[in-house]
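Please look over the sequence and the 3D structure below. The report that follows goes through some helices, some contacts and some charged pairs.

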Amino acid sequence: MSDIKNMLELSELLVRLLEGTISDEQFAYLQHQLASNPHARRYYLRYMKVSSALSRLGQITNVDTLTRTVAKDTKDLSILEKLAEYEKSGKPVEVERVKAKVEPVLTEQERQAKIRAFIAEQQAMEEQEKLLEQLERRRIRQRELRRRQRIARARTVAAKVSKVSRIGAMAAVGMVIAYLLYLVSRPVPPAFVAVLTDGIDVKWADHDLPTEPDSLLRPGYMKLVAGIAEITFDGGAKAIIQAPVEIKLQNASRAYLQSGKMSATVPVEARGFALNTPSASIVDLGTEFAVHVNEDGSSDIYVFKGRVSLLAGKFGEIIGRLYDTVEQIVEAGQAKRVYAGSSRIRDIQFGQSAFVRDMPSPYELAVRQSRPTGYWRFGSDNRKMCVNSIDSVRHVAKYVGSIDCDNHGPGLGDAKPNDAMKLDGRPNNYMLIENITSRRPQNGGSSLVLWLRADEVRDQSIITNETAEGQAEWFSRYLYMEKTGRFAFIVFSDYDEIYEGETVETSLIRSKQMAQKGRWYHLAITLSRKHVCLFIDGRLEAEAFDPIEQFGDIGLSWYLCTRANISPTDEDDAPPIKGAIDELAIYDRALSAEEIKRLYSVSQQ
Amino acid sequence: MQEGSGYPHKPGAEFQGELFIRLFMTNQSNIHAFILSLVPNWADADDIMQETATVMWTKFGEFELGTNFLSWGMTVAYFEVLKFRKQRQRSRLQFKNELLESIAQDAVNTNYSLDDTVEALRECISKLRHRDRRIVQLRYQKSKSMNEVAHCIKKSIESLYKAMARIHHALLQCVQRKLTRGDIV
């Protein structure tokens with residue numbers, strides 16, 4: 001085995017063996033080697049040791065399942081926490097001989113009996129919850145009935161007595177009724193379990209629920225019909241729900257998401273936060289994750305940081321199937337779908353786009369409400385990855401070269417610092433959005449909205465385009481700043497067969513106002529077949545009519561930004577812009593002037 | 001899941017459960033490596049590990065505290081391997097009985113320290129070439145299948161097997177060097 005070639009051959013056989021793809025002949029040869037060659041045997045044992053270690057690099061499989069089984073057998077969930085602590089410390093364990101009070105080993109029957117008892121306990125609790133809900137509904141009905149009776153009685157009394165005595169009588173009756181009501185209907189309210197820590201345009205189906213920040217929340221069903229609400233559980237987990245959503249707060253570290261979207265950030269101290277859905281149970285293991293319960297009851301689980309334990313099925317069913325429960329640990333960057341009515345778990349495309357993971361600024365909310373097809377926020381999370389927060393599949397974007405973000409972005413209607421993408425004016429550092437060509441203005445048109453800050457006033461490109469193959473074809477700048485500080489926008493045709501490859505400018509519009517160095521501007525461009533508009537800070541600055549009627553379609557492959565010279569040989573092109581860009585949004589329709597005005601105005605609140 | 005208001009307090013069970021988990025955590029790597037030596041197939045070894053863990057927990061009452069948990073675990077694992085082989089006796093990829101016993105004997109006698117191996121392995125992986133490291137990450141950290149990995153790195157499956165053999169061998173040599181030199185503290 002000293003021959004490296006032999007070792008590599010043996011290594012390949014072992015890889016195939018581990019993967020189950022070794023042929024019969026190869027396996028026979030391997031067996032012979034292991035049986036007859038002590039060097040090969042030693043190599044084999046070391047090989048399996050390293051392979052075992054390799055397989056453990058990214059996975060926690062058996063232990064988690066086992067731990068859960070043990071936790072359930074012993075009914076001691078603190079084992080999970082202790083295990084988590086132990087995992088963190090990673091210190092070797094020295095076990096002393098301890099005279100422990102050890103319970104007898106459970107037989108299969110005894111364990112099943114325990115499980116049945118546990119299920120019965122859970123069912124009893126669920127029954128109790130239902131009963132409490134019924135009582136609550138009855139109480140509300142009775143209160144309403146009494147209120148009506150009180151009003152009717154007051155009217156009767158009012159008709160009989162004079163104005164003065166009427167007031168006195170009403171007051172007396174009111175006080176008596178109020179006191180009676182108090183005595184009759186003063187159930188001990190359930191303790192608060194969470195706080196509505198923030199919210200934008202929050203509207204609950206139940207108008208009695210609070211909408212103001214810092215309102216305390218009790219356990220119970222809540223239906224959010226509009227807006228976004230941030231709920232911080234007393235256990236420490238923070239959840240953001242986006243309307244429409246139906247959720248039931250169960251206790252300080254547990255909730256039931258019936259439908260809609262929720263993202264959760266769970267700090268270390270809140271680890272173990274559990275979220276149940278109609279089709280799955282998710283237990284946080286210290287992480288940030290999001291769940292979307294679809295209309296059919298299936299649940300999509302996305303893990304952004306850390307990991308979660310995912311159990312498929314309704315909670316009651318899970319307990320019933322303790323030993324064949326489908327459990328998976330979902331790691332950061334993974335997404336799974338659990339189908340309703342079955343325990344099937346399937347990988348789905350991971351995307352961060354569909355969820356609000358932090359309370360949005362008024363501007364972000366307004367942009368989201370205007371339904372862009374692509375929206376890049378350049379937050380601190382996106383320094384390395386260029387994340388489209390709307391639809392990362394449809395519009396793939398990436399940073400090319402070295403791109404950085406700073407927190408000197410424009411104000412977005414709240415007091416929070418805002419990150420922006422820095423543009424250093426170098427030609428090889430830029431952001432590339434792909435699949436833009438599908439956004440042609442034949443139907444509803446298209447729009448582009450962004451914040452821009454130029455650190456110098458000079459002739460410089462902001463957005464340029466290239467062909468899908470990555471080769472520069474057009475020398476025209478798409479959106480740029482002239483040396484006077486005016487923003488200018490060119491529309492051109494991309495119909496090769498008509499113009500034999502020539503770039504044809506069909507329209508050029510430029511702003512009236514001249515940009516100042518270091519100031520943020522809100523730019524918006526809208527395109528339709530009949531109309532091209534350029535807006536700055538919510539106001540129409542320039543427009544052109546019928547740009548496409550005459551010349552056909554518009555090609556909208558964009559480079560964003562600093563690569564101005566798409567073709568290095570094109571000396572006429574302007575250098576890349578030096579400054580910053582933020583909150584870039586693209587649309588598959590032409591936004592109206594009112595919409596653009598609103599976008600800008602919410603940022604100025 | 002943590003549905004309900006909590007669990008009844010049973011001091012003995014809690015102690016037993018926690019103790020078991022800790023002991024198992026400490027030794028599971030070695031037990032897994034032992035199983036993998038006897039049944040060198042990822043999926044089968046995982047299944048057997050799962051069964052072994054369950055049986056160990058069920059029989060934990062029989063384990064005498066203070067004695068060697070790893071030896072006990074390997075014994076349980078060995079029986080689980082035999083059980084598995086019986087169930088799959090028609091499988092074409094089973095070592096002959098004599099060879100299995102011989103490997104088991106060697107594996108038990110090996111002074112395993114898988115924690116050191118894992119630590120050394122991490123360092124060795126960090127020294128791999130970028131493309132090789134990516135292969136390791138995709139296959140073992142992201143749990144992609146060989147076909148998926150081949151697709152990701154735009155290689156044929158055959159050349160991936162060759163690359164994987166080379167990587168495994170390089171890692172093995174590197175780990176061995178580190179452990180021999182005592183680089184890993």
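## Helix α5 of chain B

Helix α5 of chain B covers residues 114-126, which is 13 residues, and it reaches 18 Å from its first C-alpha to its last, close to the 18 Å expected at 1.5 Å a residue. The expected span is 1.5 Å times one less than the number of residues in the helix. Helices (H or I, at least four residues) and strands (E, at least two) are DSSP runs, numbered from the N terminus.

This is a predicted model, in which local features need pLDDT of at least 70 and side-chain atom pairs count only at pLDDT 80 or more, while totals for chains, interfaces and linings use all residues. Residues are numbered from 1 along each chain as its sequence is written, chains are lettered from A and ligands numbered from 1 in the order in which they are written, and side-chain values use heavy atoms, with hydrogens and water left out.

Which residues of α5(B) are buried? They are Leu114(B), Thr117(B), Val118(B), Ala120(B), Leu121(B), Cys124(B) and Ile125(B). Buried means under 20% relative accessible area, exposed means over 50%, and partly exposed lies in between (1.4 Å probe, protein chains only).

## Packing of helices

Two packed helices are described by the angle between their axes and the distance between the axes. Axes are lines fitted to C-alpha atoms, for helices over the stretch in contact, and angles run from 0 to 180 degrees between N-to-C directions.

Helix α5(B) packs against α3(A) at an angle of about 75°, and the two axes are 9 Å apart. The helices α3(A) and α5(B) are therefore roughly perpendicular to each other. Angles under 35 degrees count as roughly parallel, over 145 as roughly antiparallel, 65 to 115 as roughly perpendicular and the rest as oblique. On the α3(A) side the contact is made by Lys49(A), Val50(A), Ser52(A), Ala53(A) and Leu54(A), and on the α5(B) side by Leu114(B), Thr117(B), Val118(B), Leu121(B) and Ile125(B). Contact means heavy atoms within 4.5 Å. Seven residues of this contact between α3(A) and α5(B) are nonpolar, two are polar and one is charged. Here Ala, Val, Leu, Ile, Met, Phe, Trp, Tyr, Cys and Pro count as nonpolar, Asp, Glu, Lys and Arg as charged, and the others, Gly among them, as polar.

Helix α3 (residues 38-55) of chain A also meets helix α2 (residues 24-36) of chain A, where the axes come within 5 Å and cross at roughly 105°. That makes α2(A) roughly perpendicular to α3(A). Helix α2(A) contributes Gln33(A), Leu34(A), Ala35(A) and Ser36(A) to the contact, and α3(A) contributes Pro38(A), Ala40(A), Arg41(A) and Tyr44(A). The contact of α2(A) with α3(A) consists of five nonpolar residues, two polar and one charged.

## Salt bridges

Side chains of opposite charge can pair when their charged atoms come close. A salt bridge is a side-chain nitrogen of Lys or Arg within 4 Å of a carboxyl oxygen of Asp or Glu. How many salt bridges are found over all chains? The search of the whole structure finds 20. The table gives examples.

| Pair | N to O distance |
|---|---|
| Glu12(A) and Arg16(A) | 3.1 Å |
| Arg337(A) and Asp300(A) | 2.6 Å |
| Arg166(B) and Asp132(B) | 3.0 Å |

Arg166(B) lies in helix α8 (residues 157-181) of chain B and Asp132(B) in helix α6 (residues 130-141) of chain B, so the pair ties together parts that are 34 residues apart in sequence. Arg166(B) is partly exposed at 32% relative accessibility, whereas Asp132(B) is buried at 7%.

Glu12(A) and Arg16(A) both lie in helix α1 (residues 4-19) of chain A, four residues apart, about one turn of the helix. Glu12(A) is buried, with a relative accessible area of 14%, and Arg16(A) is buried, with 8%. A network of salt bridges links Glu12(A), Arg16(A), Glu158(B) and Lys162(B).

## Other places in the two chains

Ala104(B) is in helix α4 (residues 97-109) of chain B and is buried, with a relative accessible area of 7%. Leaving aside its neighbours within four places in sequence, Ala104(B) is in contact with Phe34(B), Leu38(B) and Tyr78(B).

Chain A has twelve helices and 28 strands. Of its 605 residues, 50% count as buried.
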